[in-house]
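Biologist: Please take one part of this model and go through it closely, step by step. I would like to follow how its pieces are put together.

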Amino acid sequence: MQDTLNQRSVVFGAAIHLGGETYWRPAADIYRTRTGWLVKYDLAGVKREDIEVTVKGSQITLNGFRRDWRLEDGCSHYSMEISYNRFERTLELPCDLEGAQIKLEGRDGILLVRLICEGEHREQS
Amino acid sequence: MSSPENLQTLPVLPIKHAVLFPSMLMPLNVGRPSSIAAIEAALASEEKEIVVVAQRDAAVDSPSLTDLYSIGTKAVIKKMARRADGLLEVVLLGVDRVVLLKLEQDGAYQKARIKPLPLPQEKSTEIEALRREVGELAVRALALTQPQAADRLSQLITDAKDSLRLVYTLAPMFSLELEKEQALLEAPTVADCLRLMHSYLAQELQVLELRSKIANEAQSEMSREQREYLLRQQLRAIQKELGGENPEQSEVSLLRERLEKADLPEEVRKEAERELGRLEKLPPAAPDYHVTRTYLEFLLELP
């Protein structure tokens, strides 16, 4: 049997990738909190030591690595949809984040990134 | 499997007739047993990484180091599914450009010792000019090859700010020959890469425009003949409706009558009858119609 290429798919893949990133992007929800911001990332199976969060201006960037692991001896992939390897996601928030205090918390496969901005304290509506 | 010098050893996936560029996705159906083994080895790793490299000769089934280009692309397997016929469907994402240093057999597949070959990143006014020029050529060519998607693709091309990514996106769209795609991957500078792409696109555009011209001419020639045929059919229908013989038929009848009355040598008569039979079958618009009629009239007027 031969290895074959689906040329139309290549074109489509290339076209959608023209402005895209090389790494996979975890989905994210953004919340406004009384002390700043809370960003929730869908990040199951990623170790805490493989995650890095940085802020620059009004941007928050999450990057890291999801590694697969062997479930048990003698098992091999029948199919694969989960994205592994390097990921990166940059989000723009409507305020300056420099100097914000960053707290990370993992919960049931979700990463919570809390940005506590100095002097910010909103009343609960 | 990284070393301090950034050397890595990864399973190798040789591919035919195509090059995987960094940042590009490539769907592939993998069927060769050694390729399947290489994919499975990569899937069993934490990072799902594999080296994708083009074969110099597609006819070679088990390529050695010399059968492969020395520059390839490190890729991550994004998706994989097994088909009932035993093929593996995979989607690969090119990540880094790499140099193959060494190949070694590991069971059913080959592994390669690789080192990164970072992509060039220089910027200049010339590069900006080249990028725009390449974009313009691509938009013109796409209008001919994919008119239904041309608007959307043209917008993406115009908006693309990264020169290398633009070239890597365009190359598979135009199905460039393997040697050309490989030269783009190996280009040492952004300007070199853009210049190569510009020359390939300019040539491609010439061919596409010529093909389009030929197709248009053939279409217009067919339309003219179809129109004449239709008009002749209509004319015959009108004459039939009016109960009259059409002018060409009456002309042929007149010539036949004159031929019967003419005192001609046998050989000349035979030739004249043959030509008259031909005239009956010719449409009056055909250039031969007038030549044949004039020839017959000349024969009949000879003393």
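**Strands and helices of chain B**

Modeller: In chain B, strand β5 (residues 88–106) and strand β6 (residues 109–116) run antiparallel and are joined by eight bridges. The model is a predicted one. A pair of residues shows how the two strands line up: Q105(B) stands opposite Q110(B) in β6(B). Together β5(B) and β6(B) make a hairpin, with two residues between the strands. In that turn, G107(B) has a positive phi of about 70°.

β5(B) also pairs with strand β4 (residues 71–82) of chain B, again in the antiparallel sense, and here there are 11 bridges. On this side K74(B) stands opposite D96(B), a residue of β5(B). β4(B) and β5(B) form a hairpin too, with five residues between them. The turn holds G86(B), whose phi is positive, at about 95°.

A further partner of β5(B) is strand β2 (residues 25–30) of chain B. The pairing of β2(B) with β5(B) is antiparallel and runs over six bridges. One facing pair can be named: M26(B) stands opposite L92(B) in β5(B).

Domain 1 covers 8–116, domain 2 covers 125–213 and domain 3 covers 247–301. Between domain 1 and domain 3 of chain B, the C-alpha centres lie 76 Å apart.

Sorted by class, the contact of α2(B) with α6(B) has 15 nonpolar, three polar and six charged residues.

α6(B), which spans residues 190–242, also packs with helix α5 (residues 178–186) of chain B. The angle between α5(B) and α6(B) is about 160°, and their axes are 8 Å apart. Since angles over 145 degrees count as roughly antiparallel, α5(B) is roughly antiparallel to α6(B). This crossing, of α5(B) and α6(B), is left-handed. From α5(B), the residues K180(B), A183(B) and L184(B) take part. They meet C193(B), L196(B), M197(B) and Y200(B) in α6(B). By class, the residues of this contact are six nonpolar, no polar and one charged.

How values were computed:
Residues are numbered from 1 along each chain as its sequence is written. Chains are lettered from A and ligands numbered from 1 in the order in which they are written. This is a predicted model: local features need pLDDT of at least 70, side-chain atom pairs count only at pLDDT 80 or more; totals for chains, interfaces and linings use all residues. Axes are lines fitted to C-alpha atoms, for helices over the stretch in contact, and angles run from 0 to 180 degrees between N-to-C directions. Helices (H or I, at least four residues) and strands (E, at least two) are DSSP runs, numbered from the N terminus. Angles under 35 degrees count as roughly parallel, over 145 as roughly antiparallel, 65 to 115 as roughly perpendicular and the rest as oblique. A crossing is left-handed if the near helix is turned anticlockwise from the far one by less than a right angle, and right-handed if clockwise. Two residues are in contact if their C-beta atoms, placed from the backbone, lie within 7 Å. Ala, Val, Leu, Ile, Met, Phe, Trp, Tyr, Cys and Pro count as nonpolar, Asp, Glu, Lys and Arg as charged, and the others, Gly among them, as polar. Two strands pair if DSSP finds at least two bridges between them. Domain bounds come from an automatic or database domain assignment.
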